[in-house]
Amino acid sequence: MNANFLQTPITYLKNVGPNRAEILRSELGITTYYDLLQLFPNRYLDKTHYYKINQLQPSGADVQVVGKIIHIKTVEQKRGKRLVATFMDETGQMELVWFRGHKWIRENLKLNEPYVIFGRIARYGSTFSMAHPEMELLSVHQKGLKISMQPIYPSTEKLSAKGITNRVLSQLVQQLFLESKGQFSESLSAEILHELKLISKSEALLNIHFPKSQDLLTKAQFRLKFEELFFVQLQLISKKLIRKQKIKGMPFSEVGQNFNAFFQEHLPFELTNAQKKVIKEIRKDLGSNAQMNRLLQGDVGSGKTIVALLCMLLALDNGFQACMMAPTEILAIQHFNGLKELLGAMEVDIALLTGSTKKSVRKEIHENLQNGQLKILVGTHAILEDVVQFQNLGLAIIDEQHRFGVAQRSKLWHKNEIPPHILVMTATPIPRTLAMSLYGDLDISVIEELPPGRKPVRTLHRYDSNRLKVFGFIKDEIKKGRQVYIVYPLIQESEALDYKDLMDGYESIARDFPLPDYQISIVHGKMKPADKDYEMKRFVEGETQIMVATTVIEVGVNVPNASVMIIESAERFGLSQLHQLRGRVGRGAEQSYCVLMTSHKLSEDAKTRLETMVRTHDGFEIAEVDLKLRGPGDLMGTQQSGMLNLRIADIVKDNQILKTARYYAIKVLKEDPALQTDKNQPIHQSYSRIMKDRTLWNYIS
Ligand code: ADP
Ligand code: MG
């Protein structure tokens with residue numbers, strides 16, 4: 001069938017009038033034949049199996065049962081009535097419940113006749129019940145078409161209320177197959193079909209909706225998942241190719257005075273192999289004619305700053321300016337101070353620009369950027385403002401990228417006539433799988449090694465009942481001259497309660513760690529910025545030994561003398577947050593500790609999170625666990641990407657298929673970038689259609 005047929009509005013399908021069309025649109029986003037065809041079942045019911053009532057499990061699964069209705073009654077309840085039927089087989093009884101359509105049911109259902117019922121099981125007390133079952137007389141059922149696996153389509157309350165049951169959806173899909181004669185145009189090349197032994201598109205669509213066997217269903221799922229991921233990868237990779245070909249970059253061909261002087265005279269330590277490798281990767285990009293768009297991943301403390309600095313010096317050597325942007329003022333200041341210290345006696349003009357930069361200083365910065373005297377600008381969002389104009393910005397570095405949106409990145413692109421090279425640095429490890437789907441059009445470098453001599457933070461899990469012992473431990477550490485963080489959760493939904501916990505905790509800590517022996521700082525989001533800064537500063541300068549805080553300290557602060565991180569109610573934190581918090585300690589030469597305090601009541605997921613933290617320091621491993629626990633939708637940076645609206649594939653579970661799809665997407669585009677060859681016509685046509693109505697993937701302007 002050709003594409004036009006599939007673009008037919010759904011109202012034209014038999015048995016779909018304007019009303020149903022509207023519900024299909026609002027509930028399932030279906031407006032065309034194509035959309036309906038792409039409504040893949042969530043799961044399949046084994047139609048060959050009939051449950052006995054005494055075999056039912058309260059698992060929420062869909063089941064079919066054969067039995068008779070022996071009694072129907074109406075039950076009054078606060079809002080409206082419900083109709084309850086007693087349904088029995090030779091092993092027991094259960095209830096069928098209807099909240100609507102009572103009249104029709106009472107008039108049409110037959111008592112004491114064998115029915116096959118089908119629906120989702122719930123249990124109330126000791127009674128199993130099924131709400132709004134689909135029912136068929138056993139005699140009719142036996143004559144009907146035999147399918148062994150019944151597709152179960154996505155459903156919503158409104159759909160079932162309006163009578164668009166699973167059976168109706170299935171009938172509509174059947175109708176679609178009837179009208180199209182089950183013929184759908186192929187979207188993959190014969191070569192790929194052959195090499196991967198994939199079934200054809202028509203066969204896959206038929207078997208995803210009406211599986212003839214488990215084997216064919218598996219093949220159909222594989223084929224459709226592959227196809228979906230293949231086209232996502234095709235888009236990402238062709239975008240990357242286009243960028244490399246069309247967007248000219250400014251080649252940094254020289255390694256000159258600044259880089260060499262720094263490397264030879266000012267490098268404070270030997271670079272790790274990982275740092276060297278990453279610098280090589282970046283230099284290769286910068287030296288080519290294409291614009292660089294690279295993501296630099298490295299765990300907290302892996303040494304990204306020095307990499308950034310070396311890259312900026314390369315820009316300078318080639319007559320360009322560079323800038324570095326951080327998400328918060330505190331971080332920007334730390335970067336600025338850190339870079340200045342690294343640069344030491346070298347004569348490089350560098351300035352800091354944040355929201356609180358004084359007007360007169362700001363003016364000077366603007367001028368010196370434009371006349372080219374100022375070479376490196378470090379700052380916050382303030383850099384993005386239109387008044388900030390560079391003479392020739394060659395490299396923009398963004399730290400902690402998930403805090404910046406797409407729009408902001410695009411603003412940077414336009415700071416120069418030819419877009420500057422962009423290096424995005426993140427300490428939030430993104431699992432490779434996710435990176436491939438999310439940032440498939442970025443190049444990725446990873447610093448997977450920490451500088452030598454770091455003592456890994458010792459991580460312990462302790463219950464609240466052991467608090468006194470933990471306090472004793474804190475006292476010992478403070479006696480040795482160390483400092484301690486105590487962090488409380490602050491979650492939006494329970495903010496008021498969380499603040500109470502924080503203040504209660506603070507009071508109890510203040511009792512156990514009395515003045516004048518102990519000085520305590522407290523920092524939380526309700527404080528005025530000036531007060532926060534003051535308290536932070538006291539801790540940074542070592543005037544206070546204990547910092548009680550909410551997660552505001554998550555990013556940024558660097559206090560090498562702080563060697564203990566206590567996380568209260570650790571079961572309430574997400575894995576990546578725990579990992580970030582732990583990264584606050586272990587920055588000095590001393591052995592550091594992270595203590596995860598929890599109650600005894602822990603969910604399975606919480607246990608996994610705590611065990612993972614105790615077991616490993618590897619940010620990537622932690623991120624993989626996180627991805628498995630939470631699914632991709634919740635991970636940082638994925639929400640706004642709109643990238644994961646996959647219909648059938650799951651980027652975590654279908655990791656292998658994703659890799660294969662990526663491999664083939666690269667192969668196809670390498671051989672045939674414009675998809676012009678005959679053999680790639682099926683791909684070309686599908687791809688053009690996708691690109692025509694794509695709403696995704698324009699996240700990098
Ligand atoms: P991050 O990747 O978290 O930004 P930083 O760049 O702040 O890490 O580096 C963390 C600390 O490690 C800094 O004190 C830095 O001086 C130090 N460091 C970085 N690279 C090395 C190295 N190769 N050898 C020794 N220390 C290093
Ligand atoms: Mg850093």
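User: Going by its relative accessibility, does Glu604 count as buried or exposed?

Analyst: A starting note: this is a predicted model, where local features need pLDDT of at least 70 and side-chain atom pairs count only at pLDDT 80 or more, while totals for chains, interfaces and linings use all residues. Residues are numbered from 1 along each chain as its sequence is written, chains are lettered from A and ligands numbered from 1 in the order in which they are written, and side-chain values use heavy atoms, leaving out hydrogens and water. The scale runs from buried (under 20% relative accessible area) through partly exposed to exposed (over 50%), using a 1.4 Å probe and protein chains only. Glu604 has a relative accessibility of 56%, so the class is exposed.

User: Which residue's side chain meets that of Glu604 in a salt bridge?

Analyst: A salt bridge here is a side-chain nitrogen of Lys or Arg within 4 Å of a carboxyl oxygen of Asp or Glu. With 3.4 Å from N to O, the partner is Lys607.

User: How many residues apart in sequence are the parts that Lys277 and Glu448 tie together?

Analyst: These two form a salt bridge whose closest N and O atoms are 2.9 Å apart. Helices (H or I, at least four residues) and strands (E, at least two) are DSSP runs, numbered from the N terminus. Lys277 is partly exposed at 32%, whereas Glu448 is exposed at 53%. Lys277 lies in helix H12 (residues 273-287) and Glu448 in the loop between strands E15 (443-447) and E16 (458-463), so the parts tied together are apart by 171 residues.

User: Arg572 and Asp498 also meet in a salt bridge. Which residue of the pair is buried?

Analyst: Their N to O distance is 2.9 Å. Arg572 is in the loop between E20 and helix H21 (575-582), Asp498 is in helix H19 (residues 495-512), and the two are 74 residues apart. Arg572 counts as partly exposed at 33%. With a relative accessible area of 3%, the buried one is Asp498.

User: How many salt bridges does a search of the whole structure find?

Analyst: As background, side chains of opposite charge can pair when their charged atoms come close. Some bridges link up into a network, such as the one with Glu186, Lys201, Arg223 and Glu227. The search of the whole structure gives a total of 29.

User: Let's turn to strand E17. Which residue is the bridge partner of Gln483 in E20?

Analyst: All 5 of the 5 residues in E17 (residues 483-487) are buried. Gln483, Tyr485 and Val487 point one way, and Val484 and Ile486 the other. Two strands pair if DSSP finds at least two bridges between them, and E17 pairs with E20 (residues 562-567) in the parallel sense over 5 bridges. In E20, Gln483 has as its bridge partner Ala562.

User: Which residue of E19 is the bridge partner of Val487?

Analyst: E17 is also joined to strand E19 (residues 546-549), running parallel, by 4 bridges. In E19, the partner of Val487 is Ala549.

User: Which element gives the most residues to the lining of the second largest pocket?

Analyst: A pocket is an open set of points on a 1 Å grid over the protein atoms alone, where a 1.4 Å probe fits and protein lies on both sides within 12 Å along at least five of seven lines; lining residues have an atom within 4 Å of a point. There are 48 lining residues, and those closest to the centre are Ala131, His132, Pro133, Glu134 and Thr165. Elements giving two or more residues include strand E4 (92-98), helix H4 (102-108) and strand E5 (114-124). With 7 residues, the top contributor is E5.

User: What is the phi of Lys181?

Analyst: Most residues other than glycine have a negative phi. Lys181, in the loop between H7 and helix H8 (190-196), is exposed at 66%. Although Lys181 is not a glycine, its phi is positive, at about 55°.
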